[in-house]
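The exercises below are to be worked with the sequence and the model side by side.

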Amino acid sequence: KKIKKKNKILNVKKQNLIIQNLDFSLTKDQKKTLNEINTDLCSSTKMFRLLQGDVGSGKTIVSLISAFNTINSGFQVALMAPTEILARQHFNLAKKIFPKNININLNSGKSDYREKKEILKKLSNHKIDIIFGTHAIFQKNVNFKKLGLIIIDEQHKFGVNQRKKLSDKGGNNCDILLMTATPIPRTLTMTMYGDMDLSIIREKPKNRKPIQTYSKLESNINDVIKFIKKEVSVGSQVFWVCPLIEESKKIDHSSAVKKYEYLKKIFPNQVSLLHGKTNLDEKELILNDFLKNKFKILVSTTIIEVGIDFPNANVIIIENANKFGLSQLHQLRGRVGRGNKNSTCIL
């Protein structure tokens, strides 16, 4: 609060136009948190706010609308996500909801040198209004002309130093919004000691149904297979998550690979596999095919843990669930139940 900044000016008319054009209406909590953020943006002290809301409660849309308001006030925005696929997902959503006159860009690990140089130039001349990316967007050579808001998604995936580096880029006029679905003790202490303001989205969008969670013994896998056959026959899609098993130093994907081989026999042409060794292009291809419903079952390690949105997937099976931490299980379970069908999580 000690840091004085130039306040942003809210254009309510433009903001409401965007909200009206969404294909869903905002929940009470989304409106409330948006107002809290707007009040901070328009104040003369620096915002440092945490937007907390359960998996699938609609934090992204709130943050994008605040980004839009910041841009309309003549500033630039940077949105940082822990994985490229998540940054790209936010980027695509922004392209869909923002008016055409806003320059939106994605700094991806896949951009070649020339493209990256071009992006850096445009950022420093304010030719880009909002940039999406992973932690690459706060490297030393990235300079903004007039950075007014930094949004960090899944903030617990970043270190304190990484977040600080990004916020230093903006200087005093830059507000900071962090988002998380995982309440973390350290974050909570920061909130308690007044370092950070907290906005909470408690309610889920109306059409979301609660996710039924069951635990099954490994020996009952046949029941699980029966259940999946039934779900696949009615058009559902399934995530099957295997833990990484570390043997000495080399990471072994055998659990995922074996499971993939096993399921392929039962569901020919319906299964695909993702793991840490899958290269980026291939990963995106597989995820896009899954999104387009080209196959029914995705066997994967935890790389699908955060943020990814597949409305048609409504069953997730988590193997050796005891190998995962609580917030990981919570995030993984949040991969389903994003459409309007009943969803199931089997541990």
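**Exercise 1.** How much space lies in the largest pocket, and which residues are the closest to its centre?

*Solution.* In this predicted model, the largest pocket holds about 1300 Å³ of space. Its lining is made up of 47 residues, of which Gln89, Leu93, Arg208, Asp309 and Arg338 lie closest to the centre. Turning to secondary structure, the elements that contribute two or more residues to this lining are helix 2 (28-41), helix 3, helix 4 and helix 10. Sorted by class, the lining comprises 16 nonpolar, 17 polar and 14 charged residues.

**Exercise 2.** Determine which element gives the most to the lining of the largest pocket, and then describe the geometry of that element.

*Solution.* Helix 4 covers residues 84-97, and its 14 residues reach 20 Å from the first C-alpha to the last, close to the 20 Å expected at 1.5 Å a residue.

**Exercise 3.** Identify the buried residues of helix 4 and what covers them.

*Solution.* Taking buried to mean under 20% relative accessible area, one finds Glu84, Ile85, Leu86, Ala87, His90, Phe91, Ala94 and Ile97 buried in helix 4. Their cover includes helix 1 (12-21), helix 3 (59-72) and helix 10 (280-291), together with strand 2 (76-80), strand 3 (104-107) and strand 4 (130-133). For the protein as a whole, buried residues make up 50% of the 347 residues.

Definitions and conventions
Residues numbered from 1 in each chain as written. Predicted model: local features only at pLDDT ≥ 70, side-chain atom pairs only at ≥ 80, totals over all residues. Heavy atoms only, no water. Helix = DSSP H or I, 4+ residues; strand = E, 2+ residues; numbered from the N terminus. Expected span 1.5 Å × (residues − 1). Buried < 20%, exposed > 50% of the residue type's maximum accessible area, 1.4 Å probe, protein only. Contact = heavy atoms within 4.5 Å. 1 Å grid on protein atoms, 1.4 Å probe; cavity = no way out; pocket = protein on both sides within 12 Å on 5 of 7 lines; lining within 4 Å. Points joined across faces, edges and corners; volume = space filled by probe spheres on them. Nonpolar A, V, L, I, M, F, W, Y, C, P; charged D, E, K, R; others polar.
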